[in-house]
Structure formats: structure tokens, C-alpha cells
Amino acid sequence: MPEFQTSPGMRDILPPESTRWRRFVATFAETVTAAGYGQIIPPLLEDIGVFHRVGEATDIVTKEMYDFIDKGQRHVALRPEQTASVCRAFVQHRPATPWKVWYSGPNFRYERPQRGRYRQFDQVGIEVLGANDPYLDVEVIALGWNFFKRLGLRQVHLHLNSLGEPENRQRFVTALQAYFTDNIERLSDASKTTLAKNALRVLDSKRPEDGEVIAGAPKISEFYSDAARLHFETVQSGLQALDIPFVVNEKLVRGLDYYRHTTFEFVGGTLDSAQNAIGGGGRYDGLVEDLGGPATGGIGFALGLDRTLLACDDESVFAATQTSVDVFVVDTTGGLEALVITQQLREAGISSDRSFENRSMKSQMKAADKSGAKIAIIIGSDEVEAQSFVLRPLRSEDQQSTIPRNELMTSIMKALS
Ligand code: HAM
């Protein structure tokens, strides 16, 4: 075993998988750019205070952050998610509202690695700042939904909830705290620990022994104000108008503290229940204020790239494809001709590859076949002397032809068209 390997929960993404990743992000970019979103590229590293605001009572912030003191004595952290960075950027740059942005890239959480759960994982996401309209919530959810459909996924389920206004949520948490404390003996040990930190998160427990207590717990819908109820009903009617199926899941609390009103998760039907959220998001109207900005509505989602691709594998959609070139240059005269011709081809916008180390004709033809090229240009000493090359179609029954050197480019273009 080599001395150095990737750290636990971190992976090398190799070709052709990396090509699929790029295509994933490109497809997402197309989907959201067509809806008026511009790209934001925040740094990977922020002052740790930015993330403290997103959830002082969450595992993501208290246990899983990669943080350290930098050489300038600043306490910084690798981002565990990007919503907080987007809000920090909003406060810093004061763009016109509504500010609609999308992002992609890696995030870091010190979690227990397993299939679908990594310490470095990629997300794509959108955020909209500066609008409170419930139909915006619907637009945001619909963009996520459309993207999954565009990948070809069929088994995606939308779970929807509302956490109401902060005051509704606060009263709900107090009621939950009291209920779980009264029933503490019936909770699992893990949930007892969770309760000490955040009663809401107990609802998230998937342990069978907690099931009965959770089923009897107070429900958030009993605490909604009229405004919160109306917001939630409007979101639901908007989703119905777009024919987007959803289930209301009152246990959906999400792993971050900043949510109010709408929360949602996209659940992959083929994945194990512990890691089946392929995306999630919601409204976080207080976060910009918490980061020192004006009162500003905000909503967005992030989709997990790694997990969504696992779902794609399970459903046999959006497969990785081998990259290929159009032309392979086989040169048995030492390689200088191949050097010049591949350069000319690439300058003309034609993808091309070649072999090195002056391999035998047989070995170069094998490489040509593997490269996926449609045409091989074959150069031997006879051809160099005659100033002409052989063009051999690799993927059709067409006959090979001999082309004068000065007609090479036009012949190749014609053969590829
Ligand atoms: P989140 O639910 O923590 O939300 O993460 C969103 C998605 O990222 C998850 O549904 C999952 O697919 C993926 N994910 C999270 N952790 C891991 C991991 N350790 N390994 C693999 N995939 C993972 C957020 O991050 C919020 N910022 C979403 C948001 C945007 N809310 C409002 N705007």
C-alpha cells in the first residue's frame, strides 16, 4: 500500500467520473442561468464567526467544522456549506435586490464517512436575497425539481414543511422541550444527548426506539400564526399549480438553525434512509441580519452532487461517458510529424491525440482505437517522402485514402462533417 492515500472521507475524482461532474455542474448552470441567476464564487475559507451564525446548536457547526488559527492569528474555518458565505457577501457588497445567485463547489464537514457521506463533498445551489414572496419559494423548489428531472431521475420525492415565524418556532421548541423532557426515559441515549442541545433535532432521529415518542410530539402546525399559515398554504398551492408532487413532512427540521417558514428536502428513492437527502433548503429570513446586514428575506437550496450521482447510478441515468478525440495521429517516423500535425489540428479546433515514445504501428493503432477517434492519420517514412498521409476511418466501413499534405486539413474537416 502506498505511504500516502487520501484522508478518510476525501476522494480523488478521476476521469471519466470527473467529466460527469463537470457535466453535472454545466447542466445545473444552464438550468438556473435560464431563470436569471448569476454565479457567485465565494472563498472556501471564512472567519469562523460567519458559520457560528448559521447554527450554534447544530452538529455541523459545533462538531464538524474544519477550523484553525491562521498565520495572522485569525480563527478561520473551511466552509461547511455556502449559504452563510452568500449572506456574508450580500452584506459586504450590498447588491441590488432581489439578488439571485448560484454556486458550486466543495464543502467540508468532519462527519463519519460512509457511502453518500463524505468529509469533502460538492454541492450546487441557489440563493435569492431580498424577496419574501411565497411564489419565490415555489420558483426555487421548482428549479431544483426541474434539474433532477433534467438529469433523468424519476425517483425523487419532495418533502415540504414550514417552521413558521421565529416566534411560532420558539413556542414550538419550548413545547417540544417540555414534551421530550417528560418522556425522556423512552428516548434513545443518543436522543437524550440531542435533547440537551436542541429539542428540534430529536425529531430528526431515525432510531426505531424513538419512533413512538416522536409520533406523539407536539406538531409545528399547531403553532403557526395566520401569516405563517397563509405563506405555507400559498407555497403548497403554487406547487400544485406546477404539478410538482410533494408530501408535507412535519418532522422535517433540517440540520441548520437559520430556517423559518418554508423548508424542503429532495429525497432519493433508491438511497439508504440515513443518506437519502439529495438536496435541501428553505427560507432563512433572519440570517442577513445576524451577519450585520438589513432585514432581508432569503431562500435557497443546495443539492449534494456526490449523492445525486449515486442516485443516478441506481437509476441508470446520467452515466459517465468516456471522453474521446476526433483524430488520432499515428506516426512511425519518430514523432515530429505527429507533434506538428496535432498542433495544427488543435489550432483548427479539431480534437486530436497521439502516442509517444515511438511505439510500433500495432501499438499506436491500438491506442488510436482506445482514444475513440473517428479517423486515424497514418504517417510512415513512405508518406513523409511522398508528402502525403493516409486517412483511415476507424468507425466506419469506408476505405482509407491517401491525401497530399497540403490538403490534409480540408480533408479531415470534410471527413468529420
Ligand atoms: P444541507 O442539507 O446541510 O443544506 O446540505 C444539502 C445537501 O448536501 C444534502 O441534502 C446532501 O445531499 C448534501 N450533503 C450534505 N452533507 C453531505 C456529506 N457529508 N456528504 C455528501 N453530501 C452531503 C445546506 O447545506 C444548506 N446550505 C442548503 C440551503 C441553501 N439552505 C438554504 N439555502
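Tutor: In this predicted model, helices are DSSP runs of at least four residues and strands are runs of at least two, both numbered from the N terminus. Ser351 sits in the loop between helix H13 (336-347) and strand E13 (352-354).

Student: Is Ser351 buried, exposed or partly exposed, and why?

Tutor: Its relative accessibility is 30%. Buried means under 20% and exposed over 50%, with partly exposed in between. Ser351 at 30% is therefore called partly exposed.

Student: Which residues is Ser351 in contact with, leaving aside its neighbours within four places in sequence?

Tutor: Ser324, Val325, Asp326 and Val327. Contact requires heavy atoms within 4.5 Å. With Asp326 there is also a specific pair: the side chain of Ser351 reaches the backbone nitrogen of Asp326 at 3.0 Å. A polar contact needs N or O atoms within 3.5 Å, so the 3.0 Å distance meets that cut-off.

Student: How far is Ser351 from Pro294?

Tutor: Their C-alpha atoms are separated by 51 Å, and the two residues are 57 apart along the chain.

Student: Where is Thr83, and why is it called buried?

Tutor: Thr83 belongs to helix H4 (residues 83-93). Its relative accessibility is 7%. The limit for buried is under 20%, so Thr83 at 7% counts as buried.

Student: What does the side chain of Thr83 make a polar contact with?

Tutor: With the side chain of Glu127, at 3.0 Å. Glu127 is also one of the residues in contact with Thr83, along with Tyr103, Tyr258, Tyr284 and Leu287, when neighbours within four places are left aside.

Student: Which residues come nearest to the ligand?

Tutor: Glu81, Thr83, Glu111, Tyr259 and Ala277, out of 27 residues around it.

Student: Which elements give two or more residues to the shell around the ligand?

Tutor: Strands E6 (120-129), E10 (277-283) and E11 (298-304). E10 supplies the largest share, six residues. By class, the shell has eleven nonpolar, nine polar and seven charged residues.

Student: Why is Gln73 called exposed?

Tutor: Its relative accessibility is 64%, and the limit is over 50%, so Gln73 counts as exposed. Gln73 lies in the loop between strand E3 (67-69) and strand E4 (75-78). Although it is not a glycine, Gln73 has a positive phi of about 65°.

Student: Why is Glu357 called exposed?

Tutor: Glu357 is at 68%, so it counts as exposed. Glu357 is in the loop between E13 and helix H14 (361-370). Its phi is positive too, about 65°, although Glu357 is not a glycine.

Key. Residues numbered from 1 in each chain as written. Predicted model: local features only at pLDDT ≥ 70, side-chain atom pairs only at ≥ 80, totals over all residues. Heavy atoms only, no water. Buried < 20%, exposed > 50% of the residue type's maximum accessible area, 1.4 Å probe, protein only. Polar contact = N/O pair within 3.5 Å; in protein donor to acceptor, adjacent residues only side chain to side chain. Near = heavy atom within 4 Å. Nonpolar A, V, L, I, M, F, W, Y, C, P; charged D, E, K, R; others polar.
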